[in-house]
Amino acid sequence: MLEEIYSKLMDQKSRAIYKSRLLYSLTGDYDEIRRIVADTDSAKALRNKVNISGSKQVILWGTGFWGNWMLKSFPDINWSGYADNAPRCSVMNELPVYKSVDFLSEYENPSIVIATTFFHNEIYHQLLAAGISKDRIIDAGGMMCDLFDAQYFDLPYLNHDDEEVFVDAGCFDGMTVRNFIRWSGRNYKEILSFELDAKCYRECGEKLKDVKNLTLENIGLWNKEDVLCFHGTGASDSRIDAAGETQIKVGRLDDIAYDRRVSFIKMDIEGAEKEAILGASNIIARYQPKMAVSIYHKREDIWELPKLLLEINPEYKFYLRHYSFRDAETVLYAL
(Lines give C-alpha, C1' and ligand atoms only; values in the text may rest on other atoms or scores of the structure.)
Protein backbone atom coordinates (compact mmCIF):
# COMPACT_ATOMS: atom_id res chain seq x y z
CA MET A 1 0.00 0.00 0.00
CA LEU A 2 2.67 2.53 1.02
CA GLU A 3 4.75 1.60 -2.03
CA GLU A 4 1.83 2.29 -4.33
CA ILE A 5 1.06 5.63 -2.68
CA TYR A 6 4.72 6.66 -2.81
CA SER A 7 4.94 5.78 -6.50
CA LYS A 8 2.05 8.17 -7.16
CA LEU A 9 3.83 11.16 -5.58
CA MET A 10 4.99 13.22 -8.53
CA ASP A 11 7.80 15.42 -7.21
CA GLN A 12 10.59 15.38 -4.64
CA LYS A 13 8.92 17.91 -2.34
CA SER A 14 5.84 15.68 -2.10
CA ARG A 15 7.93 12.60 -1.36
CA ALA A 16 9.89 14.40 1.36
CA ILE A 17 6.70 15.66 3.03
CA TYR A 18 5.14 12.20 2.79
CA LYS A 19 8.08 10.46 4.47
CA SER A 20 8.19 12.99 7.30
CA ARG A 21 4.42 12.99 7.90
CA LEU A 22 4.38 9.20 7.85
CA LEU A 23 7.17 9.00 10.41
CA TYR A 24 5.46 11.65 12.55
CA SER A 25 2.23 9.64 12.51
CA LEU A 26 4.07 6.46 13.47
CA THR A 27 6.47 7.86 16.09
CA GLY A 28 5.20 11.29 17.20
CA ASP A 29 8.70 12.69 16.65
CA TYR A 30 8.16 16.43 16.12
CA ASP A 31 11.55 16.73 14.40
CA GLU A 32 9.76 15.36 11.32
CA ILE A 33 7.38 18.33 11.33
CA ARG A 34 10.30 20.70 11.83
CA ARG A 35 11.83 19.27 8.63
CA ILE A 36 8.61 19.93 6.72
CA VAL A 37 8.25 23.45 8.10
CA ALA A 38 11.92 24.27 7.48
CA ASP A 39 11.55 23.45 3.79
CA THR A 40 8.73 25.95 3.21
CA ASP A 41 9.67 29.21 1.52
CA SER A 42 8.07 31.14 4.38
CA ALA A 43 10.23 29.47 7.04
CA LYS A 44 13.34 30.07 4.96
CA ALA A 45 12.35 33.74 4.62
CA LEU A 46 11.77 34.04 8.38
CA ARG A 47 15.18 32.58 9.24
CA ASN A 48 16.82 34.75 6.61
CA LYS A 49 15.29 37.91 8.10
CA VAL A 50 16.38 36.90 11.60
CA ASN A 51 19.92 36.31 10.32
CA ILE A 52 20.03 39.57 8.36
CA SER A 53 18.94 41.52 11.44
CA GLY A 54 22.17 40.37 13.08
CA SER A 55 20.70 40.57 16.57
CA LYS A 56 21.87 38.27 19.33
CA GLN A 57 18.49 38.56 21.08
CA VAL A 58 15.19 37.62 19.45
CA ILE A 59 11.88 38.41 21.15
CA LEU A 60 8.65 36.57 20.37
CA TRP A 61 5.72 38.98 20.36
CA GLY A 62 2.66 37.03 21.43
CA THR A 63 2.05 34.66 24.33
CA GLY A 64 -0.92 32.92 22.75
CA PHE A 65 -1.31 29.97 20.40
CA TRP A 66 1.45 30.86 17.93
CA GLY A 67 3.86 31.98 20.63
CA ASN A 68 4.07 28.36 21.76
CA TRP A 69 4.27 26.83 18.29
CA MET A 70 6.98 29.16 17.01
CA LEU A 71 9.24 28.14 19.87
CA LYS A 72 8.55 24.47 19.15
CA SER A 73 9.02 24.68 15.38
CA PHE A 74 12.08 26.96 15.39
CA PRO A 75 14.19 25.80 18.37
CA ASP A 76 17.41 26.83 16.61
CA ILE A 77 16.55 30.55 16.83
CA ASN A 78 18.05 32.28 19.86
CA TRP A 79 14.78 33.21 21.56
CA SER A 80 15.36 35.57 24.49
CA GLY A 81 11.84 36.13 25.74
CA TYR A 82 8.22 36.98 25.00
CA ALA A 83 6.39 40.30 24.80
CA ASP A 84 2.67 40.96 24.83
CA ASN A 85 0.41 43.97 25.34
CA ALA A 86 -1.60 41.96 27.87
CA PRO A 87 0.64 39.22 29.28
CA ARG A 88 -1.00 36.62 31.52
CA CYS A 89 2.22 35.45 33.17
CA SER A 90 5.78 36.57 33.84
CA VAL A 91 7.50 33.41 32.59
CA MET A 92 6.52 31.17 29.69
CA ASN A 93 8.42 28.13 28.41
CA GLU A 94 11.22 29.15 30.82
CA LEU A 95 11.57 32.52 29.07
CA PRO A 96 10.75 35.93 30.58
CA VAL A 97 7.55 37.65 29.48
CA TYR A 98 7.62 41.43 29.04
CA LYS A 99 4.70 43.81 28.91
CA SER A 100 4.62 45.74 25.67
CA VAL A 101 8.11 47.09 24.85
CA ASP A 102 9.58 46.79 28.37
CA PHE A 103 12.21 44.44 26.92
CA LEU A 104 13.93 47.51 25.41
CA SER A 105 15.33 48.34 28.85
CA GLU A 106 17.18 45.01 28.94
CA TYR A 107 18.20 44.26 25.37
CA GLU A 108 20.12 46.42 22.93
CA ASN A 109 18.78 46.28 19.36
CA PRO A 110 16.77 43.04 19.68
CA SER A 111 14.85 41.55 16.80
CA ILE A 112 11.14 40.97 17.29
CA VAL A 113 9.19 38.16 15.64
CA ILE A 114 5.45 38.91 15.61
CA ALA A 115 3.97 35.52 16.53
CA THR A 116 0.26 36.16 16.09
CA THR A 117 -2.07 36.33 13.11
CA PHE A 118 -4.37 38.73 14.97
CA PHE A 119 -3.56 42.45 14.73
CA HIS A 120 -0.10 41.72 13.35
CA ASN A 121 -0.19 44.90 11.22
CA GLU A 122 -1.11 47.00 14.26
CA ILE A 123 1.68 45.42 16.31
CA TYR A 124 4.15 46.10 13.49
CA HIS A 125 3.30 49.81 13.56
CA GLN A 126 3.35 49.84 17.37
CA LEU A 127 6.92 48.55 17.28
CA LEU A 128 7.93 51.12 14.66
CA ALA A 129 6.45 53.86 16.86
CA ALA A 130 8.57 52.56 19.77
CA GLY A 131 11.69 53.30 17.73
CA ILE A 132 12.46 49.75 16.55
CA SER A 133 13.81 49.78 12.99
CA LYS A 134 11.80 47.87 10.42
CA ASP A 135 14.75 45.62 9.58
CA ARG A 136 14.47 44.19 13.13
CA ILE A 137 10.74 43.48 12.94
CA ILE A 138 9.82 40.12 11.40
CA ASP A 139 6.09 39.79 10.78
CA ALA A 140 5.66 36.02 11.12
CA GLY A 141 1.91 36.59 11.61
CA GLY A 142 1.71 38.11 8.13
CA MET A 143 3.78 35.25 6.72
CA MET A 144 1.37 32.72 8.25
CA CYS A 145 -1.65 34.57 6.83
CA ASP A 146 0.00 34.47 3.40
CA LEU A 147 0.59 30.72 3.81
CA PHE A 148 -3.06 30.11 4.73
CA ASP A 149 -4.15 32.28 1.80
CA ALA A 150 -2.11 30.23 -0.69
CA GLN A 151 -3.62 26.94 0.48
CA TYR A 152 -5.54 24.77 -2.03
CA PHE A 153 -4.77 26.85 -5.13
CA ASP A 154 -1.01 27.51 -5.38
CA LEU A 155 0.02 24.16 -6.89
CA PRO A 156 1.23 25.03 -10.42
CA TYR A 157 -0.16 21.79 -11.84
CA LEU A 158 -3.79 22.76 -11.14
CA ASN A 159 -5.41 23.31 -14.51
CA HIS A 160 -8.42 25.59 -14.73
CA ASP A 161 -11.64 24.42 -16.40
CA ASP A 162 -13.96 27.08 -17.87
CA GLU A 163 -16.90 25.05 -16.55
CA GLU A 164 -15.57 24.54 -13.02
CA VAL A 165 -18.02 23.12 -10.50
CA PHE A 166 -16.22 23.67 -7.22
CA VAL A 167 -17.09 21.93 -3.95
CA ASP A 168 -15.90 23.68 -0.78
CA ALA A 169 -16.28 21.23 2.09
CA GLY A 170 -15.62 23.29 5.21
CA CYS A 171 -16.49 26.86 4.25
CA PHE A 172 -15.50 28.26 7.70
CA ASP A 173 -14.89 31.98 7.00
CA GLY A 174 -15.59 32.07 3.26
CA MET A 175 -11.99 32.73 2.25
CA THR A 176 -11.63 29.51 0.26
CA VAL A 177 -14.58 30.53 -1.90
CA ARG A 178 -13.01 33.97 -2.44
CA ASN A 179 -9.67 32.40 -3.27
CA PHE A 180 -11.29 29.97 -5.70
CA ILE A 181 -12.99 32.86 -7.48
CA ARG A 182 -9.66 34.67 -7.74
CA TRP A 183 -7.88 31.50 -8.95
CA SER A 184 -10.58 30.88 -11.57
CA GLY A 185 -10.52 34.46 -12.81
CA ARG A 186 -14.25 34.58 -11.98
CA ASN A 187 -14.76 32.06 -14.75
CA TYR A 188 -16.66 29.12 -13.28
CA LYS A 189 -20.04 27.42 -13.53
CA GLU A 190 -21.05 26.80 -9.92
CA ILE A 191 -19.84 26.67 -6.32
CA LEU A 192 -21.28 24.22 -3.76
CA SER A 193 -20.17 25.17 -0.25
CA PHE A 194 -20.82 23.26 2.98
CA GLU A 195 -20.48 24.46 6.58
CA LEU A 196 -21.77 22.64 9.68
CA ASP A 197 -21.12 25.22 12.37
CA ALA A 198 -24.23 27.42 12.68
CA LYS A 199 -22.29 30.59 13.51
CA CYS A 200 -19.79 30.12 10.67
CA TYR A 201 -22.64 29.25 8.29
CA ARG A 202 -24.45 32.51 9.08
CA GLU A 203 -21.27 34.54 8.73
CA CYS A 204 -20.40 32.88 5.41
CA GLY A 205 -23.89 33.62 4.15
CA GLU A 206 -23.35 37.31 4.91
CA LYS A 207 -19.79 37.49 3.59
CA LEU A 208 -20.58 35.62 0.37
CA LYS A 209 -23.99 37.08 -0.43
CA ASP A 210 -22.61 38.79 -3.54
CA VAL A 211 -21.11 35.58 -5.01
CA LYS A 212 -22.83 34.40 -8.17
CA ASN A 213 -23.92 30.78 -8.66
CA LEU A 214 -23.17 29.85 -5.06
CA THR A 215 -25.13 27.27 -3.07
CA LEU A 216 -24.27 27.37 0.63
CA GLU A 217 -25.56 24.45 2.72
CA ASN A 218 -25.68 23.98 6.50
CA ILE A 219 -25.03 20.26 6.10
CA GLY A 220 -21.98 18.02 6.44
CA LEU A 221 -20.51 15.63 3.90
CA TRP A 222 -20.48 11.99 5.01
CA ASN A 223 -20.76 8.45 3.65
CA LYS A 224 -24.54 8.28 4.13
CA GLU A 225 -27.53 10.42 5.02
CA ASP A 226 -27.69 10.68 8.80
CA VAL A 227 -28.03 12.92 11.85
CA LEU A 228 -24.86 13.10 13.97
CA CYS A 229 -23.64 14.80 17.13
CA PHE A 230 -21.58 17.91 16.55
CA HIS A 231 -19.26 20.09 18.62
CA GLY A 232 -19.62 23.67 17.42
CA THR A 233 -17.15 26.35 18.51
CA GLY A 234 -17.84 29.05 15.95
CA ALA A 235 -14.21 28.60 14.87
CA SER A 236 -12.07 26.37 12.65
CA ASP A 237 -12.03 23.44 15.11
CA SER A 238 -15.80 22.70 15.01
CA ARG A 239 -16.23 19.01 14.26
CA ILE A 240 -18.42 15.92 14.25
CA ASP A 241 -18.05 14.43 17.72
CA ALA A 242 -19.99 11.65 19.48
CA ALA A 243 -19.89 13.79 22.63
CA GLY A 244 -21.05 16.91 20.79
CA GLU A 245 -23.76 19.12 22.25
CA THR A 246 -25.85 19.59 19.09
CA GLN A 247 -27.11 17.45 16.23
CA ILE A 248 -26.58 18.13 12.56
CA LYS A 249 -27.53 16.64 9.20
CA VAL A 250 -24.98 14.94 6.99
CA GLY A 251 -25.24 13.43 3.53
CA ARG A 252 -23.40 12.06 0.51
CA LEU A 253 -21.98 14.48 -2.05
CA ASP A 254 -23.01 11.94 -4.70
CA ASP A 255 -26.65 12.57 -3.72
CA ILE A 256 -26.41 16.30 -3.02
CA ALA A 257 -24.60 17.17 -6.25
CA TYR A 258 -27.05 15.11 -8.33
CA ASP A 259 -25.90 15.13 -11.98
CA ARG A 260 -23.45 18.04 -11.67
CA ARG A 261 -20.08 17.43 -13.30
CA VAL A 262 -17.96 18.30 -10.25
CA SER A 263 -14.46 19.35 -11.34
CA PHE A 264 -12.73 20.41 -8.10
CA ILE A 265 -13.26 19.28 -4.50
CA LYS A 266 -11.59 20.88 -1.48
CA MET A 267 -12.01 19.15 1.90
CA ASP A 268 -10.94 20.51 5.29
CA ILE A 269 -13.54 19.06 7.66
CA GLU A 270 -11.71 18.24 10.88
CA GLY A 271 -11.28 14.50 10.52
CA ALA A 272 -14.38 13.65 8.46
CA GLU A 273 -12.46 13.56 5.18
CA LYS A 274 -12.49 9.76 4.83
CA GLU A 275 -16.27 9.51 5.21
CA ALA A 276 -16.79 12.45 2.85
CA ILE A 277 -14.60 10.85 0.18
CA LEU A 278 -16.60 7.62 0.48
CA GLY A 279 -19.77 9.67 0.03
CA ALA A 280 -18.34 11.18 -3.16
CA SER A 281 -17.04 7.92 -4.63
CA ASN A 282 -19.30 7.98 -7.70
CA ILE A 283 -18.25 11.53 -8.59
CA ILE A 284 -14.57 10.69 -8.00
CA ALA A 285 -14.74 7.51 -10.09
CA ARG A 286 -16.71 9.11 -12.93
CA TYR A 287 -15.21 12.60 -13.26
CA GLN A 288 -11.81 12.38 -11.53
CA PRO A 289 -12.17 15.90 -10.09
CA LYS A 290 -9.13 17.79 -8.90
CA MET A 291 -8.93 17.31 -5.15
CA ALA A 292 -7.27 19.29 -2.33
CA VAL A 293 -7.74 17.33 0.89
CA SER A 294 -6.45 18.07 4.40
CA ILE A 295 -4.38 15.08 5.45
CA TYR A 296 -3.35 15.82 9.04
CA HIS A 297 -6.42 15.63 11.31
CA LYS A 298 -5.91 11.93 12.12
CA ARG A 299 -2.60 10.10 12.34
CA GLU A 300 -3.82 7.48 9.86
CA ASP A 301 -4.90 10.05 7.24
CA ILE A 302 -1.45 10.03 5.65
CA TRP A 303 -1.94 6.46 4.43
CA GLU A 304 -5.72 5.95 4.54
CA LEU A 305 -6.82 8.93 2.42
CA PRO A 306 -4.49 8.42 -0.58
CA LYS A 307 -5.16 4.66 -0.44
CA LEU A 308 -8.91 5.29 -0.55
CA LEU A 309 -8.63 7.71 -3.47
CA LEU A 310 -6.61 5.18 -5.47
CA GLU A 311 -9.13 2.43 -4.73
CA ILE A 312 -11.89 4.66 -6.12
CA ASN A 313 -9.87 6.04 -9.04
CA PRO A 314 -6.45 4.46 -9.74
CA GLU A 315 -5.65 7.17 -12.32
CA TYR A 316 -4.92 9.82 -9.68
CA LYS A 317 -1.46 11.31 -9.26
CA PHE A 318 -0.51 12.99 -5.98
CA TYR A 319 1.25 16.09 -4.68
CA LEU A 320 1.71 17.21 -1.07
CA ARG A 321 2.25 20.76 0.19
CA HIS A 322 2.42 22.29 3.68
CA TYR A 323 0.95 25.66 4.71
CA SER A 324 1.80 26.28 8.34
CA PHE A 325 4.56 26.80 10.89
CA ARG A 326 3.27 23.80 12.86
CA ASP A 327 1.92 20.26 12.30
CA ALA A 328 -1.36 21.39 10.66
CA GLU A 329 -2.31 22.42 7.12
CA THR A 330 -0.76 19.65 5.06
CA VAL A 331 -2.75 19.25 1.85
CA LEU A 332 -2.94 16.23 -0.47
CA TYR A 333 -3.59 17.20 -4.08
CA ALA A 334 -5.00 14.47 -6.32
CA LEU A 335 -4.96 15.24 -10.06
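Start with the salt bridges: the count is 19, taking a side-chain nitrogen of Lys or Arg within 4 Å of a carboxyl oxygen of Asp or Glu. Before you click, note that this is a predicted model, where local features need pLDDT of at least 70, side-chain atom pairs count only at pLDDT 80 or more, and totals for chains, interfaces and linings use all residues. Residues are numbered from 1 along each chain as its sequence is written, and side-chain values use heavy atoms, with hydrogens and water left out.

Select Arg35 and Glu32: their salt bridge has its closest N and O atoms 2.9 Å apart. They sit three residues apart in helix α3 (residues 31-38), so about one helical turn separates them. Helices here are DSSP runs (H or I, at least four residues) and strands are E runs of at least two, numbered from the N terminus. Glu32 is buried at 11% relative accessibility; buried means under 20% relative accessible area, exposed over 50%, and partly exposed in between (1.4 Å probe, protein chains only).

Next, pick Glu206 and Lys209, whose side chains form a salt bridge at 2.6 Å, N to O. Glu206 is partly exposed at 49%, while Lys209 is exposed at 62%.

Now jump to Asp327, in the loop between β16 (318-322) and β17 (330-334). Asp327 is buried, at 14%. Leaving out residues up to four places away in sequence, Asp327 touches residues including Arg21, Trp69 and His322, where contact means heavy atoms within 4.5 Å.

Last stop: Phe172, in the loop between β7 (165-169) and α8 (175-184).
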